[in-house]
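Reader: Hey, can you walk me through this one? I'm new to reading structures.

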Amino acid sequence: IDHETWRAIGNVGGVNPAGKLPPGRLEVLVELNSLTLTVLIDRRPFRSFPVAVGKPETPSPVGSWKIKNKGYWAKGESKWLGLSVPFGVYGIHGTNQPWSIGKRASNGCIRMYNHHLETVYQWLKEGTPVYIDGDPFGDRRTLKRGLIGSDVYFLQIRLKQLGYYAEKPNGIFDYWTEKAVKMCQQDLGLPMTGEITAKEYYRLRLYPTD
């Protein structure tokens, strides 16, 4: 999801505390900076919940996803809302570590208090959009073959926009991604290393602009 769409969603302050779900288009916004999950109705906030998100070394997947399946997690210990992330298994689930809520503590999933998850689980259907807001390039790591993650996913999107990458973005830095990077580097007059470093971040405008 781009910055214009985030602005269209609006401020999540003043959330309606009512528990009954009103009619309208249902979406979910997870904000990694504020550690909150907000249920949106027609792009307006309805209910917000505190969450735990991924640790710096195992970040939550930034991007626009959908609920792809519903079920149970950890041998039935919690409800599970699976996300359509192509480069790993991520979801929204409860926790037996409630003290972790409000922290960057998970392996990338979105953790909720179990009683909050029970409420949200009833509302969300397969196909419900889930937007995870954050900077996918926050780590500024060198991207190279073999790596996976949101930063690779958005790199592929950028390379596709520029006409270098013809595959479907999958968040996996594979042969085709490396080839696209090398072609891009050649056109930019940079060494054809097949890796994304500070020079490429800058030239490809991968840093946030606002």
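Author: Let's talk about its salt bridges.
Author: This is a predicted model, where local features need pLDDT of at least 70, side-chain atom pairs count only at pLDDT 80 or more, and totals for chains, interfaces and linings use all residues. Residues are numbered from 1 along each chain as its sequence is written, and side-chain values use heavy atoms, with hydrogens and water left out.

Reader: OK, how many salt bridges does the structure hold?

Author: Six, where a salt bridge is a side-chain nitrogen of Lys or Arg within 4 Å of a carboxyl oxygen of Asp or Glu.

Reader: Which residue does glutamate 27 pair with?

Author: Its partner is arginine 43, and their closest N and O atoms are 2.7 Å apart. Glutamate 27 sits in strand β1 (residues 26-31) and arginine 43 in the loop between β2 (36-41) and β3 (44-50), 16 residues apart. Strands here are DSSP runs of E, at least two residues, and helices are runs of H or I, at least four, numbered from the N terminus.

Reader: And is glutamate 27 buried or exposed?

Author: Glutamate 27 is buried, because its relative accessible area is 0% and buried means under 20%, with exposed over 50% and partly exposed in between (1.4 Å probe, protein chains only). Arginine 43 is partly exposed at 25%.

Reader: What about aspartate 151, where does it lie?

Author: Aspartate 151 bridges to arginine 141, with the closest N and O atoms 2.6 Å apart. Aspartate 151 is in helix α3 and arginine 141 in the loop between β10 (129-133) and α3, so the pair ties together parts ten residues apart in sequence. Aspartate 151 is buried at 6%, while arginine 141 is partly exposed at 27%.
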